[in-house]
Amino acid sequence: MVRLSHSRVLDDRLVDGVRARSEKAFAAVYQLLASDLLSFANGMLRDIGAAEDAVQQAFLELARAAPTIKGDARSLRAWLYRSVRFSCLDEIRRRKRRPERPTSELPEVGVDDNAFHGDPSLQDSLSRLSERHRTILILRHVIGFSVDEIARILDTNRTSVYAASARAERRLRRELANVESRGSAASQPEGTPTSREPS
Amino acid sequence: MKQDLKDRLAALHIEIDDAVAQRHMDSVAHELLHPQTPAPSRRRRARVGTLLAAAMLLVLPAAAFAAEGTVPGDFLYPIKLATEQLRQIVDPNIEAEHRIEELETVVDRAGPVDEIDDRLADAESAVQDRDVPADLLDRLDVVRDRVTTEHRRETPPSHEQSADERPQDDGAEDRTSPPTTSPPTTAPPVTTTSQPATDRPPHPDGTGGTTVPPEPDRPPRSDAGTTTSHPPGDRDHPPRDG
């Protein structure tokens, strides 16, 4: 299933409305892009709450910087994806500085089931990739962007995106095989021989 | 990549919840109605930080260099003290060296006696109970001698002479000679026009000498036993009769 890009519906009149700080224009842009942005952030962070915060932060930054936004609809979309990506990178750095610790107390708010919906082994494999590889795979195969659009978001050229995408796919297949073989080994009873993991 | 893996990746796409979307749009609408000052972009913040760091790297060493020759009371003297604290880690004699340099500077400038005394006390306390090199102690001795020979002499003696009794214009020789308590000598009598000057060659017109006019800043003294003959126009008062 490949999703279509929204470049045809996010037209330049909406961008003019955003520059004019029109609430209707903002609502239209949000309706068009919020789910894609949330999927991107959730793929990066594997945390639906943090992903929602990243999307909200991106639209708040857009509301503050609206008059200074340049370019057409593609530029506006790339701007929003870059904003979400930077928020995700900040969150990843914050987690590295303050890693989560096990606690004996239960949190007051329960964990959202949406955070774990989908494919746990695939998400586990994605989280083992580098940030750049993960970004490219999510943008290309989850959101459905073309190589040119990914190059615009990452501020690079299409050759670099092609090469990185090929490496990321190879790496993901390898990680996925590792994760699934470990999962099958754990589910098998003791004494059963397991297949060799690829190096 | 196999199609099944692409499908698995595409299945990770999620839709945003309506309640979450409403909450986001409320916050955006509030931001649009009450705009705040836009936060500087990351690139701009990084550029400002780089400029500040570069300015600090340039200004701090320049200020430390400019503060090297300062003395207490100068504008940059606190910077000198701050850098001195750091340099003391590698050079324990830097404080003594600085205090002696400041004393030398104040003595060279011929500053007030009180200031020289303060700097001398600071320098002596800086070398006290410390393993200070001999050359620094020699420098301190030299400047201490200069203080006693050059500046202490300028302090007035306890039994001051009155201004009338002091010799008025004795030149630099009097500044180097020790103060004396002997009564001052009287001013030499002013020669009159009738007395020929024996140490001068005769005038070509045959008058036998030149007349020496009285010094303008010294009034003629009537108690010297000589009479002066001024032209009537030079007198402030008309001659008295009798």
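Entry 1, the loop in chain A. I went to A:Arg21, which sits in the loop between helix H1 (12-19) and helix H2 (23-45) of chain A. Helices here are DSSP runs of H or I with at least four residues, strands are runs of E with at least two, and both are numbered from the N terminus.

Housekeeping before I go on. This is a predicted model, where local features need pLDDT of at least 70, side-chain atom pairs count only at pLDDT 80 or more, and totals for chains, interfaces and linings use all residues. Residues are numbered from 1 along each chain as its sequence is written, and chains are lettered from A and ligands numbered from 1 in the order in which they are written.

Most residues other than glycine have a negative phi. I noted that A:Arg21, not a glycine, has a positive phi of about 60°. A:Arg21 counts as partly exposed because it has 16 C-beta neighbours inside 10 Å. The cut-offs, with C-beta atoms placed from the backbone: buried is 20 or more other C-beta atoms within 10 Å, exposed is 12 or fewer, partly exposed is in between.

I found B:Ala110 in the loop between helix H5 (94-108) and helix H6 (113-127) of chain B. B:Ala110 also isn't a glycine, yet its phi is positive, about 55°. With 11 C-beta neighbours inside 10 Å, B:Ala110 counts as exposed.

I looked up the contacts: 26 residues of chain B touch 31 residues of chain A, contact being C-beta atoms, placed from the backbone, within 7 Å. On the chain B side, H2(B) gives the most, with nine residues.

Terms used
Contact = placed C-beta atoms within 7 Å.
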